[in-house]
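Open the model in your viewer and keep the selection panel at hand. The tour goes from stop to stop.

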Amino acid sequence: QVQLVESGGGLVQAGGSLRLSCAASGRTSYNMGWIRQAPGLEREFVATISWNSGVTYYADSVKGRFIISRDNAKNTVYLQMNNMKPEDTAVYYCAAARVVTIIPAGYDYWGQGTQVTVSS
């Protein structure tokens with residue numbers, strides 16, 4: 001079991017930056033990901049990072065703008081979001097998986113989500 005708590009969401013202007021954090025407790029040796037969901041849309045994979053940080057994958061829509069990282073000593077995963085766009089507006093979820101996956105349904109544990117809003 002693992003518990004996940006996201007923080008760092010908020011309102012930002014287009015072109016701005018935000019950093020999301022996800023604090024994990026319990027068993028924490030999981031591959032971690034960020035998934036987002038905009039109103040009326042399905043959950044969308046954003047980024048994932050392997051347990052040892054050796055592997056990362058990004059959605060094409062965020063590649064070059066977002067960076068996922070983790071600090072296993074602090075049991076925390078981060079998503080640095082730069083050059084943000086209005087279409088990045090969504091609830092962002094932190095999730096844990098036993099395998100490295102870009103499929104939202106492949107994640108076993110989820111946080112409660114944090115709202116990110118990008119104004120134009």
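**Stop one: Ser-53**

Select Ser-53: partly exposed, at a relative accessible area of 36%. Here buried means under 20% relative accessible area, exposed over 50%, and partly exposed in between, with a 1.4 Å probe and protein chains only. Before moving on, note that this is a predicted model: local features need pLDDT of at least 70, side-chain atom pairs count only at pLDDT 80 or more, and totals for chains, interfaces and linings use all residues. Residues are numbered from 1 along each chain as its sequence is written, and side-chain values use heavy atoms, without hydrogens and water.

Ser-53 sits in the loop between β5 (44–49) and β6 (56–58). Strands are DSSP runs (E, at least two residues), numbered from the N terminus. Check the backbone of Ser-53: phi is near 65 degrees, positive in a residue other than glycine.

**Stop two: Asn-83**

Next, go to the loop between β8 (76–81) and β9 (90–97), where Asn-83 is found. Its phi is near 45 degrees, again a positive value in a residue other than glycine. Asn-83 counts as partly exposed, with 43% relative accessibility.

**Stop three: Asp-88**

Stay in the loop between β8 and β9 and select Asp-88. Is Asp-88 buried or exposed? Asp-88 is buried, with a relative accessible area of 1%.

Now show its surroundings. Beyond its neighbours within four places in sequence, Asp-88 is in contact (heavy atoms within 4.5 Å) with Arg-36, Arg-65, Phe-66, Val-116 and Val-118. Draw a distance from the side chain of Asp-88 to that of Arg-36: a polar contact of 2.9 Å joins them. A polar contact is a pair of N or O atoms within 3.5 Å; within protein, one must be able to donate a hydrogen and the other to accept it, and residues adjacent in sequence count only if both atoms are side-chain atoms.

**Stop four: Asn-31**

Finish in strand β4 (residues 31–37), at Asn-31. This residue is buried, with a relative accessible area of 9%. Which backbone nitrogen does the side chain of Asn-31 reach? That of Trp-51, at 2.9 Å. A polar atom of the Asn-31 side chain also lies 3.2 Å from the backbone oxygen of Arg-98.

Not counting residues up to four places away in sequence, Asn-31 touches Ile-49, Ser-50, Trp-51, Arg-70, Ala-95, Ala-96, Ala-97, Arg-98, Val-99 and Val-100.

Definitions and conventions. Helix = DSSP H or I, 4+ residues; strand = E, 2+ residues; numbered from the N terminus.
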